[in-house]
Amino acid sequence: MEALTHASLVEYLLEEAYEVAETIESGNPDAELQGELGDVLLQVVLHARLAEERGAFTFDDVARGLGAKMIRRNPHVFRPDGSLQESFPATVDEIVRKWDAVKRAENPARTNSFEGIPQALPALARARKSVDRAARAGMPLPPAVPIPETEEELGEQLLAVVRSAHEAGLDAERALRGAVRRYQQGTP
């Protein structure tokens, strides 16, 4: 049996995360969601335990770091001591602006709006995140095309594009990854 390592556990972490998403999107009962979230938490515990064994950090360090990050990144919700603010910003835009300002302060050397978007994300998720980041930074956006009015119709249209690409011998996932990469490289 192969020794457990962070690298050997990645596939299970991703699988469990996708199972949570599927459970939510399928409208499964809360008990099933609870179980799937427990499976994701198990992955966090395993990674923390491996790190603890080599003296890097513990699960408690992970939890404390998360608490500190949530307080730091959500000044619209928490005071610096962790207590709740008495009032909150009136709009989502105000909350997003505060969030972005805190993230910029955390990483002042980060000048590229696309930094931190995982390369391993599926192409469609990476494309959406790239467009969102560009829009929030006031950067030029890729051209838009007319889309259907519902997510169901959009899904059917995307599926048809994938089918057509397949029939033409093209890989839609690879094509979109390339388009996102070119967009990110060509955007100031």
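Student: Before we start, what does buried mean here, in terms of relative accessible area?
Tutor: Buried means under 20% relative accessible area, while exposed means over 50% and partly exposed lies in between. Please keep in mind that this is a predicted model.

Student: Then is Gln43 buried or exposed?
Tutor: Gln43 counts as buried, because its relative accessibility is 6% and the cut-off for buried is under 20%.

Student: Where does Gln43 lie, and what does it touch?
Tutor: Gln43 lies in helix H2. Leaving out residues up to four places away in sequence, Gln43 touches Leu9, Tyr12, Leu13 and Glu16.

Student: Which other residues of H2 are buried?
Tutor: Besides Gln43, the buried residues of H2 are Glu36, His47, Ala48, Leu50 and Ala51. What covers the buried residues of H2 includes helix H1 (6–25) and helix H3 (59–73).

Student: How far does H2 reach from its first C-alpha to its last?
Tutor: Helix H2, residues 30–53, has 24 residues and reaches 34 Å, close to the 34 Å expected at 1.5 Å a residue. H2 is followed by Gly55, whose phi is positive, near 80°.

Student: Switching to pockets: how much space lies in the largest pocket?
Tutor: About 1000 Å³ of space lies in the largest pocket. It is lined by 24 residues, and the closest to its centre are Leu124, Ala127, Val145, Leu158 and Leu176.

Student: Which elements give two or more residues to that lining?
Tutor: Those elements are H5, H6 and helix H7 (172–186). H5 gives the most to the lining of the largest pocket, with seven residues.

Student: How does the lining of the largest pocket divide by class?
Tutor: The lining of the largest pocket divides into 20 nonpolar, two polar and two charged residues.

Student: What about the second largest pocket, how much space lies there?
Tutor: About 470 Å³ of space lies in the second largest pocket. Of its 16 lining residues, Asp100, Lys103, Arg104, Ser113 and Arg133 are the closest to its centre. Helix H4 (92–106) and H5 are the elements that give two or more residues to this lining, and H5 gives the most, with five.

Student: Which classes make up the lining of the second largest pocket?
Tutor: The lining of the second largest pocket has ten charged, four polar and two nonpolar residues.

Student: Which residues form the largest nonpolar core?
Tutor: The largest nonpolar core has five residues: Phe114, Ile117, Ala134, Met139 and Tyr183. As background, nonpolar side chains tend to be buried together in soluble globular proteins.

Student: What is Tyr183 in contact with?
Tutor: Apart from neighbours within four places in sequence, Tyr183 is in contact with Phe114, Ser130, Ala134, Pro140, Leu141 and Pro142.

Student: Last one: where is Ile147, and is it buried or exposed?
Tutor: Ile147 is in the loop between helix H5 (123–136) and helix H6 (151–167). Ile147 is exposed, because its relative accessible area is 56% and the cut-off for exposed is over 50%. Not counting residues up to four places away in sequence, Ile147 touches Leu154 and Gln157.

Notes. Residues numbered from 1 in each chain as written. Predicted model: local features only at pLDDT ≥ 70, side-chain atom pairs only at ≥ 80, totals over all residues. Heavy atoms only, no water. Helix = DSSP H or I, 4+ residues; strand = E, 2+ residues; numbered from the N terminus. Buried < 20%, exposed > 50% of the residue type's maximum accessible area, 1.4 Å probe, protein only. Contact = heavy atoms within 4.5 Å. 1 Å grid on protein atoms, 1.4 Å probe; cavity = no way out; pocket = protein on both sides within 12 Å on 5 of 7 lines; lining within 4 Å. Points joined across faces, edges and corners; volume = space filled by probe spheres on them. Nonpolar A, V, L, I, M, F, W, Y, C, P; charged D, E, K, R; others polar. Core = buried A, V, L, I, M, F, W, Y, C linked by side-chain atoms within 4.5 Å. Expected span 1.5 Å × (residues − 1).
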